[in-house]
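My entries follow in the order I looked things up.

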Amino acid sequence: MWTQGDERIRQSLEGEARTVITLSRWTIEGIRQRLRHRDWMDTEEVCRKVHEATGGWGWLLDQLFAQNRENDPRPAAERLRARLFKEAEFAQRLIRLIGLDVDRRISSVLRKLAHEDDGKGIPMELLPELLTLPLKKEDFQRLINYLERIRVISIEGDSPGGESLLYVEPLIRDLMRHT
């Protein structure tokens, strides 16, 4: 619906629903609390490594917590991340759960964004030239809005040059580059 329908209809439906649930990723502090609950190591470095390996995606964290049997979750987090890049079916499950398979154009746009994002952000005004996709401007904007709402990309305002920058979530960026 978000990626294909009329913007006014989508907004009207969201208004009638009075709430829209979007994905949220776990923060480092949230991961720390989950680790403490299990009496696992929860130092800043451990929490950062777990966040990097899972992207904060709830399903991946659940996988980690189900599979880890050690006090230090870093080795299990590394194995989990490696599995994403080795097992196509495992990666596809994450992609489905996040909602990246609801429209085939999403993966096309996201792959191109992932290849352009070097971690320093992509200037928003350069996107049409960089991506060269056969999409109407409004369709492209709808896809960008969807990706932002499901927390796969973020758009951060004014950089030193006064431009907005687009960032692809690092784990998804690496996964899209790999597949």
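**Helix 2 and its neighbours**

I started with what the buried side of helix 2 touches. The buried residues of helix 2 pack against helix 3 (44–54) and helix 4 (58–67). This is a predicted model, and I keep that in mind throughout.

Next I listed the residues behind that packing. Helix 2 covers residues 28–37, and its buried residues are G30, I31, R32, R34 and L35. I noted that two arginines, R32 and R34, are on the buried list. I recalled the general rule for spacing: an α-helix has 3.6 residues a turn, so residues three or four places apart point the same way.

**After helix 2**

I then followed the chain out of helix 2. D39 comes after helix 2, with a positive phi near 60°. D39 lies in the loop between helix 2 and helix 3. Buried or exposed: which is D39? I found D39 exposed, because its relative accessibility is 64%, and the cut-off for exposed is over 50%.

Most residues other than glycine have a negative phi. D39 is not a glycine, yet its phi is positive, about 60°.

I looked up another case, R151. R151 is not a glycine either, and its phi is positive at about 70°. R151 sits in the loop between helix 9 (137–149) and strand 2 (153–156). With a relative accessible area of 34%, R151 is partly exposed.

**E52 in helix 3**

E52 is located in helix 3. Its relative accessibility is 41%, so E52 counts as partly exposed. Which residues does E52 touch, leaving aside its neighbours within four places in sequence? I found contacts with R81 and L171. I also checked the spacing to I28, which is 24 residues from E52 along the chain. The C-alpha atoms of E52 and I28 are 9.5 Å apart.

**Helix 6 against helix 10**

I turned to a helix pair. Two packed helices are described by the angle between their axes and the distance between the axes. Helix 6 spans residues 88–98 and helix 10 spans residues 170–178. Their axes come within 12 Å and cross at roughly 125°. Helix 6 and helix 10 are therefore oblique to each other. The crossing of helix 6 past helix 10 is left-handed.

Which residues make the contact? From helix 6, I noted A91, L94, I95 and I98. From helix 10, I noted I172, L175 and M176. I sorted the contact of helix 6 with helix 10 by class: seven residues are nonpolar, none is polar and none is charged.

**The whole chain**

The protein chain has ten helices and three strands. From the N terminus, the order is α-α-α-α-α-α-α-β-α-α-β-β-α. The chain has 179 residues, and 41% of them count as buried. How much of the contact set with a separation of 6 or more comes from residues 24 or more positions apart? I found 65%.

Last, I looked at confidence. The mean pLDDT of the chain is 87, and 84% of the residues reach 70 or more. Which elements have the lowest and the highest mean pLDDT? Helix 1 (residues 7–17) has the lowest, at 53. Helix 3 has the highest, at 98. I note that E52 belongs to helix 3.

How values were computed:
Residues numbered from 1 in each chain as written. Predicted model: local features only at pLDDT ≥ 70, side-chain atom pairs only at ≥ 80, totals over all residues. Heavy atoms only, no water. Buried < 20%, exposed > 50% of the residue type's maximum accessible area, 1.4 Å probe, protein only. Helix = DSSP H or I, 4+ residues; strand = E, 2+ residues; numbered from the N terminus. Contact = heavy atoms within 4.5 Å. Axes fitted to C-alpha atoms, helices over the stretch in contact; angles between N-to-C directions. Parallel < 35°, antiparallel > 145°, perpendicular 65-115°, else oblique. Left-handed = near helix turned anticlockwise from the far one by under 90°. Nonpolar A, V, L, I, M, F, W, Y, C, P; charged D, E, K, R; others polar. pLDDT = per-residue confidence, 0-100.
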